[in-house]
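Subject: Handover of a structure

Dear colleague,

Please find the structure below, handed over to you for your further reading.

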Amino acid sequence: MSRVMKKRSRKAGMPPGTLIYLGDDKSTATRITLLHYAGQQVVEKEIQTAEECQVFLDTPGVCWISVTGVHEVEKLAPFGKVFNLHPLVLEDVLNTDQRPKLEDYGEYIYIVLRQLKNSSPSNGIVTEQISLVLGRNFVISFLESESEIFKPVKERILQTRGRICNQGADYLAYALMDMVVDNYFSIFENLGERIEELEELLISKPAPEQMRNLHALKRELLSLRKSVWPLREVLSALQRGESTLIQKETGLYLRDVYDHTIQVIDTLETYRDMLSGMLDIYLSSLSNRLNQVMKVLTVVSTIFMPLTFIAGVYGMNFHNMPELGWRWGYPTVLLLMAAIAAGMLIFFRRKKWI
Amino acid sequence: MSRVMKKRSRKAGMPPGTLIYLGDDKSTATRITLLHYAGQQVVEKEIQTAEECQVFLDTPGVCWISVTGVHEVEKLAPFGKVFNLHPLVLEDVLNTDQRPKLEDYGEYIYIVLRQLKNSSPSNGIVTEQISLVLGRNFVISFLESESEIFKPVKERILQTRGRICNQGADYLAYALMDMVVDNYFSIFENLGERIEELEELLISKPAPEQMRNLHALKRELLSLRKSVWPLREVLSALQRGESTLIQKETGLYLRDVYDHTIQVIDTLETYRDMLSGMLDIYLSSLSNRLNQVMKVLTVVSTIFMPLTFIAGVYGMNFHNMPELGWRWGYPTVLLLMAAIAAGMLIFFRRKKWI
Amino acid sequence: MSRVMKKRSRKAGMPPGTLIYLGDDKSTATRITLLHYAGQQVVEKEIQTAEECQVFLDTPGVCWISVTGVHEVEKLAPFGKVFNLHPLVLEDVLNTDQRPKLEDYGEYIYIVLRQLKNSSPSNGIVTEQISLVLGRNFVISFLESESEIFKPVKERILQTRGRICNQGADYLAYALMDMVVDNYFSIFENLGERIEELEELLISKPAPEQMRNLHALKRELLSLRKSVWPLREVLSALQRGESTLIQKETGLYLRDVYDHTIQVIDTLETYRDMLSGMLDIYLSSLSNRLNQVMKVLTVVSTIFMPLTFIAGVYGMNFHNMPELGWRWGYPTVLLLMAAIAAGMLIFFRRKKWI
Amino acid sequence: MSRVMKKRSRKAGMPPGTLIYLGDDKSTATRITLLHYAGQQVVEKEIQTAEECQVFLDTPGVCWISVTGVHEVEKLAPFGKVFNLHPLVLEDVLNTDQRPKLEDYGEYIYIVLRQLKNSSPSNGIVTEQISLVLGRNFVISFLESESEIFKPVKERILQTRGRICNQGADYLAYALMDMVVDNYFSIFENLGERIEELEELLISKPAPEQMRNLHALKRELLSLRKSVWPLREVLSALQRGESTLIQKETGLYLRDVYDHTIQVIDTLETYRDMLSGMLDIYLSSLSNRLNQVMKVLTVVSTIFMPLTFIAGVYGMNFHNMPELGWRWGYPTVLLLMAAIAAGMLIFFRRKKWI
Amino acid sequence: MSRVMKKRSRKAGMPPGTLIYLGDDKSTATRITLLHYAGQQVVEKEIQTAEECQVFLDTPGVCWISVTGVHEVEKLAPFGKVFNLHPLVLEDVLNTDQRPKLEDYGEYIYIVLRQLKNSSPSNGIVTEQISLVLGRNFVISFLESESEIFKPVKERILQTRGRICNQGADYLAYALMDMVVDNYFSIFENLGERIEELEELLISKPAPEQMRNLHALKRELLSLRKSVWPLREVLSALQRGESTLIQKETGLYLRDVYDHTIQVIDTLETYRDMLSGMLDIYLSSLSNRLNQVMKVLTVVSTIFMPLTFIAGVYGMNFHNMPELGWRWGYPTVLLLMAAIAAGMLIFFRRKKWI
């Protein structure tokens, strides 16, 4: 959490529109791929500079510029000129810690999404920013690092399969967002399994480590919440069809993604409720075990203290203790002790302590 | 929970409108029954393909197509053509893990409901998806598995009894939704009894197993909530009569179902409050019992420790211990011990510990 | 709670408008009283069938038909015809477990209220349904059982006292609702006293029984909430004067009842907060007492364990223990023991444990 | 709390508009003061009956009738006629347990505020009702008892100081409300100090009495909430300038009071959060101290139990115990005991228990 | 908290518009700096009285009057006349304990912000009020004390760098607000680090001091909340562009600051959730440690009590105890004791207690 703040504070005091990459990943070289399709005609091309897009933009059809790796500021800056983007848009593309949002600039819509990734098991889930710029006949997608997330869409276009080929740029933007939300389901499946495993562990053998896992899961959910909740508003705004860039037919599909997002949010909230229920289980089991321990102590003490006392009495050195001289004194006392111990045991058995 | 996510993630990456059944139940063979009625004339017919409906649709009256078992995708696909349904509608019919929702496509309304079923006692309550498509003169109902839930409506139609025979398709849709909500009452009755039983157990003999039952009930309520809460919005939207498919008179009846749903939701929230109150009872009773155990230990220790000490003193082997030679030394010490024990008992009695 | 659900589930599957009494009280014979007044002219009459009202309805003035005991379905059914009521209205009159609601049928308004009654102390507060039908020149009130609640209004009319005689049916409906809400104040007074008594008990001598009382009070508040909260919306809707049946002047009076309802709700919420604060007190006092018990145990153990050990040492039978032969050995050891005990006591006194 | 309900229930069943004083304070004789000002001309006059105001009402300028002590119903009733007030207004003036509210009767606005007073320290804060009636050219203020709260406003008028003299009745009403809210700040200052004192006590020496103080403060905040929260809505409604009685310029000043009220509410909520944080501190410190106590007990037991056991072994009376005859037997055993004790101490020191 | 209330209560009873400084800092001499710029022309001038601004206001371009130190009331009062400000505006500039707010006076907008400052580590974060008055061609900024916060903006203007030089007063106001919000990020970064440090400490070695730190952090967050939350509404209102003083283009930039504020609020809420999760960890670890302590006590007691009892039995002085005379009596008993101790150890090992 403090890491996010640290990154942002690096930019404090700079004028708005200053292009500085705030992410961690500087290893991914910026790679720009252009995909132009109109019905059955598809062109795929790796390009070096934004200017190369101009030709395709002037051709009828939809143009998808896919940018992977956003830390090479000098490669991104030209997009501002070619696509006539507001300086704040490019700034936001580089500020990779933003929450999902939608900004309608009239000529184009700028959309921020967050992609979830399972990192190595110890670190849980990490999020990466995906920026989309949806124009009249183009979509630009900015990814922080190499990712397979948009591959199915790309293949559907290349194979000129499905309705996507005959639809506009808005449908392409929908298809990309659909991929991001679909990906949430598999991330959440994994998360749900981890929660259920922890739950079983907590019930079978509660231990402090599990409390720490519980806490870690809680923090993960907190950060997922920030990635998923605002998406709801983004999709709700898109689906209401206030922008002329979104056709009515595409609105129906966006409603579908919206429904999926609600389902993801529902699951998230259910997970939170489950975790807080698990805390109660853990605390009550701690209490329970203390009770068990104390019962053992109390039973042992209550049985042996009176016996030890009796032994102590007949260990006294008074000259005049008639019992000591009795023939059956010793066995009688042993029997008495056995009787007391038996009585105590019956008493505790009745109290259900043993 | 993670199961739901798992099913959904099976579809990740596929284009929208892909028909894949996501439910568990593949044993129910798809069975399609058609019921056509107009006043006193009723026709019931088992049909094989969606195309057979066309004739009845062109006849005046209401046509109810009841589909049971939705996993045979090839049988469902033709409905799309015959009734001119959007691909997303059929996709949603097959995605059987959706929350209740309402989608108005103009020509028809698509409604998702969830039916509650008491499974074998150990597993609690399960939910199944019911999809309704309400058109101008037809209703299509999709059930996941064989169910008696719509039987009363069917019988009322077959016996040409009640107002249903003279009403339109909207009234039929209302009658079906009414059955689903009515069914909630009996499920909730059963749930309420389980909660009350648990409450009595928790008060009479609190034990860790009951804590686990409590937790299980909480999770059940969490999942019921997701089935029932969204229904409220669905019915509220229907009742406001924004669609031309709903007549004003039917709106009054829908308001009635809406009221019942509110009552179910109220009960659900009350159950939740009761369960969280029961957790407090359980935790406080654990605390209480620890207090009881500790009091026993303290009373026993406090009585016998001083006595054992005195016995220890007169068990010392000093040559010069005048008390040991006294004639009444032993009885005096015994009396002293008895007095100390009695004093302690009185002290604890005053403190209300025993 | 589960009782409510049980009653409702008895009706599951029946067509809407089916008249079945769902309440418990079948002992109260249905009694119908008619009160017709216009200025100083008042007529009171016990009637047998709804048809007898027709004459009075056609006479100028206000007609109040008061029905007590609603389980004799055959007596209530005729009201539907005479007053032209929707079948759902009569069904709702008989479903006596409904939450307060308002239904505007244009020609008349149907209002459901809930009356609170102190049952025998052990059972706490019970609620009964009161239904009002407000028409152009009539009010029908349905009570589940004999009740004095509307007596003051009746007397005001019979004595042609106050403004009520010169006002319309809407003012009569207001007066009846005012009585119901006024009655809440005395019920809540009693409840508040019980809460304060419990609070004093919890502070002076916390015990598990009081925890149970606390829980019982919580459940009572839960059920009261369901009776009172929705009333707020009912009165708010009435007061906004959307119906032509409510005159503007009466709206001012309804605003007054609305204010009273808000006050009742405020009190309810305060009671809830008080109860949850009392739970904290109880739990902290349990913790406190455990601390007390443990301190006693620790003090006793810490004093007597070293002493018993010393006595044990000089009880050993080594041949060569020079101290045993010393003349002042025994008194010295006794003094040592006394010193240790005193030291411990001072130590614990400083720690504020005793 | 139950007291409020008790008072209200005294009125149950009476017709609306019945004038009965429901407050506690019957000692304050009703005193009516009239203040009429127009620019630099000010008249102050003690009056006996409401009728005396008539002359001043017909003179240009603003008329402030200040009524102190509202239990003499016969003195208040005439105000209804002279100022043409609705019966419900006078009824509300006498029902001195109302929450702040605003009622716009067109010709005049009726405002209820609650004044806070520090009562003797043991009882905390009490509230009194202040009613304002704002007309075209007059303000009537009703106070339950003698109070200095409006003195500064009065003096400003008498000294014809400040803008108040040249403003209308709406500005006077604003000035009075401003005094009430300003007074909250000093009450809250005092409350804040009590909370901070308690916080320090809870951290330095937690004890059950402080838990009770905490609970008492919580209840005080609960009742303050009911006095302050609704004021927000009152001022928000006034400031929006929906009434023609409020001039636009005065609206700016009302916005200022509104801001102050928000600040008071913010502080109230912060206090609530602080109190609930203090409960956590108290409970955790109880737990902590139990840990301390148990550690002492465990350390003492763990050291002395083995030692006592060893002493017991050599106190056995077996004839054949070679160690007893050894020359260095006794010192060896003593050394062994010392070693065990030292070992234990080192062990506990390492565990940070001592 | 009570300090804020104390300051405010100093002003109770004074007429509105009274200028009294309510802050603590009276050491900062009031310093007024004027900055006038139009394109590439920039004038900077230290001025003594507000009247000196008049000349610049009449020149085309933007005029930024920066006031540092607001306790010299006599220097601030003239601003009221020169800029035609409402008396309440200057009063609010001096009341330095206000929450962020926006007041639109038509001719100018008055904005209150709160700047966060890291005070010396022991005291955590303090807040200072920043007031902005945005007019047609001027911005007045009031700071409580010397601060570097607006330096970057000043430098950008002096170096005629960036778009700011060619924009209006609204863009200047935006730039200043942007600086304030940017500053939050670095404050929150620091806070986040403190929270994470505490979290690690709580998990590794929980101690009461950390509980106190936790509580202190909670209180800091409470006070930050009051500084940051209302800012959201302020920026939302500004960005909606209801005022004619804000140009559409600047609205886009304001939306950007608004987004940053949302991000800060998100982080704040996450911090709160983290702190409450840390409390759970602390309490559960206390419980856990009690369990550990009690297990040690129970193991020790359970092993040594039976052994001591056996030693006590053979320490009894009965004349007729045959075992005492046996040749292998003593070793047998020692072996028995060892067997019991070993048995106990195995038992506890199996129970996972040791």
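On which residue is the kink of about 30° in α7(A) centred? The kink is centred on A:Arg225. Please bear in mind throughout that this is a predicted model.

**The helix α7 in chains A and C**

In chain A, helix α7 covers residues 208-239, a run of 32 residues. From its first C-alpha to its last, α7(A) reaches 46 Å, which is close to the 46 Å expected at 1.5 Å a residue. Just after α7(A) comes A:Gly241, whose phi is positive, at about 65°.

Chain C may be read alongside. Its helix α7 (residues 208-239) has 32 residues, which at 1.5 Å a residue should span 46 Å; the end C-alpha atoms are 46 Å apart, so the two values agree. A bend of about 30° is found in α7(C) at C:Arg225. Just after this helix, C:Gly241 adopts a positive phi of about 65°.

**The sheet of chain C**

Chain C holds an open sheet of seven strands, arranged in the order β2-β1-β3-β7-β6-β5-β4 with mixed pairing. At its edges stand β2 (41-47) and β4 (101-104) of chain C; each has a single partner strand, and therefore one side of each is left without a neighbour in the sheet. From one strand to the next, the twist averages 15°.

The partner of β4(C) in the following pairing is β5 (residues 109-118) of chain C: the two are antiparallel and share four bridges. Within β5(C), C:Ile111 is the residue that stands opposite C:Leu102. Helix α4 (residues 87-94) of chain C lies across β5, β6 (125-134) and β7 (138-143) of that chain, and runs at about 160° to β6(C).

**The sheet of chain D**

In chain D, seven strands form an open sheet with mixed pairing, in the order β2-β1-β3-β7-β6-β5-β4. Here β2 (41-47) and β4 (101-104) of chain D are the edge strands; as each has a single partner strand, one side of each is left without a neighbour in the sheet. The average twist from one strand to the next is 15°.

Strand β4(D) runs antiparallel to β5 (residues 109-118) of chain D, and four bridges join them. D:Glu103 has D:Tyr110, in β5(D), as its bridge partner. Helix α6 (residues 169-204) of chain D packs on the sheet, where it touches β3 (62-68), β5, β6 (125-134) and β7 (138-143) of chain D; its direction makes about 25° with that of β5(D).

**Chains E and A**

How many residues of chain E are in contact with chain A? There are 56, and they are in contact with 48 residues of chain A. On the side of chain E that touches chain A, α5 (151-158), α6 (169-204) and α8 (248-313) of chain E each supply at least two residues. The most is given by α8(E), with 33 residues. By class, this side of chain E comprises 21 nonpolar, 22 polar and 13 charged residues.

Chain E is superposed on chain A by a rotation of 72° with 0.1 Å of shift along its axis, at an RMSD of 0.1 Å. The two copies are therefore related as by a five-fold rotation axis. The residue of chain E that comes closest to the rotation axis is E:Gly315, with its C-alpha at 4.6 Å. The copies use different surfaces, as 14% of the contact residues of chain E recur in chain A.

Yours sincerely

Terms used: Residues are numbered from 1 along each chain as its sequence is written. Chains are lettered from A and ligands numbered from 1 in the order in which they are written. This is a predicted model: local features need pLDDT of at least 70, side-chain atom pairs count only at pLDDT 80 or more; totals for chains, interfaces and linings use all residues. Two strands pair if DSSP finds at least two bridges between them. Axes are lines fitted to C-alpha atoms, for helices over the stretch in contact, and angles run from 0 to 180 degrees between N-to-C directions. Two residues are in contact if their C-beta atoms, placed from the backbone, lie within 7 Å. The expected span of a helix is 1.5 Å times one less than its number of residues. The bend at a residue is the angle between axes fitted to the seven residues ending there and the seven starting there. Ala, Val, Leu, Ile, Met, Phe, Trp, Tyr, Cys and Pro count as nonpolar, Asp, Glu, Lys and Arg as charged, and the others, Gly among them, as polar. Copies are superposed by least squares on the C-alpha atoms of residues with pLDDT of at least 70 in both.
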